[in-house]
Amino acid sequence: MAPWTHLHVWPNGNAYPCCMTHMDQPIGNARKDKLYDIWNNETMRKLRLDMLEGKFNSLCNRCFELDKSGSNSLRKHMNRTFTTHDNVVESTKEDGTVDKFNMAYMDIRFSNICNLKCRSCGPHLSSGWYEDHKKLYPSSQGEFPKIDHATDDPETLWSQLVPALEYTEEIYFAGGEPLIMEEHYRILKWLIENNRTDVRIRYNTNFSKLKFKSDDVIELWKKFPSVSIGASLDAMGQRGEYMRKGQKWAEVVSNRERLIQEVPHVEFFVSSTYSLMNSLHLPDFHKEWLEKGYIDKHSFNINILTEPRAYNLQILPHEVKVLVEQKIENHINWLQETYGNMEYGHEGYKHDNAESVINHWRSAVKFMYTKERSDELPHFFERNNKVDIIRNEKFFDTFPELDVLRRKYSSNRL
């Protein structure tokens with residue numbers, strides 16, 4: 001449903017059919033073109049026609065890859081959420097044009113402003129990464145600014161979005177870091193002032209800051225009945241602070257406790273990026289937050305990292321993959337013992353359990369084994385060691401459970 005209900009814009013202005021399209025496949029740029037013109041340009045029209053005819057389109061490759069492993073792709077989410085827009089699909093003309101600029105789902109990354117520099121991220125989505133990127137790739141200096149904005153004139157973009165705000169159904173805020181962006185607060189206040197608090201508000205946030213200048217986002221969330229927060233948290237304590245540089249774990253925990261107390265209606269779930277780095281730790285993090293009551297049995301999403309390739313689970317050596325699989329299986333056993341297996345009661349209803357989350361874990365194992373790419377392990381050491389030097393950090397001091405990688409790498413080099 002995405003090409004009929006959505007258009008996605010990155011901090012550099014590049015527009016895409018959705019956020020899962022590869023960066024190197026933009027279909028337009030909001031700095032040069034109006035959103036409506038991109039909505040019906042040649043690439044979008046072809047994508048719609050390919051979908052209607054059941055043809056593969058490379059713009060959707062990442063969702064196809066995730067679907068094959070059984071993971072929950074954005075394609076599935078869009079199809080579940082926007083089924084009521086079949087009439088828009090039916091309005092598609094022979095050349096793929098859709099006259100109505102139907103932004104039922106809005107996801108505009110207004111800038112790359114971010115207070116963290118996560119290990120698996122980069123300067124295009126984090127202004128905090130800028131200086132480290134220059135040190136990591138000296139030849140890249142001057143290729144792009146520290147702070148990128150989706151348009152050169154924010155008011156021009158705002159004038160295009162206001163008409164869409166009148167009928168949009170769901171807004172997804174991500175970044176950069178949306179909770180420290182001016183545009184985010186401008187939209188929420190517009191919705192409140194114009195009686196559009198019925199809009200579903202969703203976030204992907206690093207969950208480090210709940211206050212921005214004079215605004216306390218919790219006070220605004222109290223106005224909206226449907227708010228869903230996906231907190232990008234990959235690990236606990238020093239491991240979390242390593243993977244998401246600039247994070248203070250104690251503040252994350254404090255923010256979670258404040259949400260529970262002040263806005264219990266707000267849906268909260270952890271959205272973890274699963275990679276080589278936290279491959280043996282993520283089950284422990286999941287279990288601890290369940291036990292502390294910070295999340296419930298359904299509130300944990302696993303986003304399998306595909307890029308940067310240096311952190312992809314598939315480059316783990318086979319013996320380490322076996323360790324990861326064993327760790328996950330032990331965790332699944334604990335989940336089943338704690339929350340029950342998937343069974344049908346005498347009335348035919350499924351028991352309330354953690355089966356959907358268990359399927360995420362199993363999909364991660366399947367994805368990990370899908371390709372044998374252990375020959376790419378040197379890329380991890382090459383990239384990660386350079387970043388360690390820049391940040392004065394030591395990966396294996398923080399993740400001692402993965403020291404087997406260092407031993408394996410050293411023996412291969414010998």
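How many nonpolar, polar and charged residues does the lining of the second largest pocket have? By class, there are 15 nonpolar, 4 polar and 3 charged residues. Ala, Val, Leu, Ile, Met, Phe, Trp, Tyr, Cys and Pro count as nonpolar, Asp, Glu, Lys and Arg as charged, and the others, Gly among them, as polar.

## Basis

This is a predicted model, in which local features need pLDDT of at least 70 and side-chain atom pairs count only at pLDDT 80 or more, while totals for chains, interfaces and linings use all residues. Residues are numbered from 1 along each chain as its sequence is written, and side-chain values use heavy atoms, with hydrogens and water left out.

## Second largest pocket

The volume of the second largest pocket is about 350 Å³. A pocket is an open set of points on a 1 Å grid over the protein atoms alone, where a 1.4 Å probe fits, with protein on both sides within 12 Å along at least five of seven lines; lining residues have an atom within 4 Å of a point. Grid points are joined across faces, edges and corners, and the volume is the space filled by probe spheres set on the points.

The lining has 22 residues, and Met51, Cys60, Cys63, Phe64 and Arg75 are the closest to the pocket centre. Two or more lining residues come from each of α1 (2-5), α3 (42-52), α4 (61-68) and α5 (74-81). Of the elements, α5 gives the most, with 4 residues. Helices (H or I, at least four residues) and strands (E, at least two) are DSSP runs, numbered from the N terminus.

## Aromatic pairs

The structure holds 28 aromatic pairs. Rings of Phe, Tyr and Trp (its six-membered ring) pair if their centres lie within 6.5 Å; planes under 30 degrees apart count as stacked, over 60 as edge-to-face and the rest as tilted. Tyr36 and Phe101 make an edge-to-face pair, at 6.3 Å centre to centre and 85° between the planes. Tyr36 is in helix α2 (residues 35-39) and Phe101 in the loop between α6 (86-90) and β4 (105-108), 65 residues apart. Tyr36 is partly exposed at 38% relative accessible area, whereas Phe101 is buried at 14% (buried is under 20%, exposed over 50%, partly exposed in between; 1.4 Å probe, protein chains only).

Trp249 and Trp289 have ring centres 5.8 Å apart and planes at 45°, so this pair is tilted. Trp249 lies in helix α12 (residues 249-262) and Trp289 in helix α13 (residues 282-292), so the pair ties together parts 40 residues apart in sequence. Both Trp249 and Trp289 are buried. Ring pairs also link Trp249 and Trp289 into a cluster whose members include Phe207, Phe268 and Trp361.
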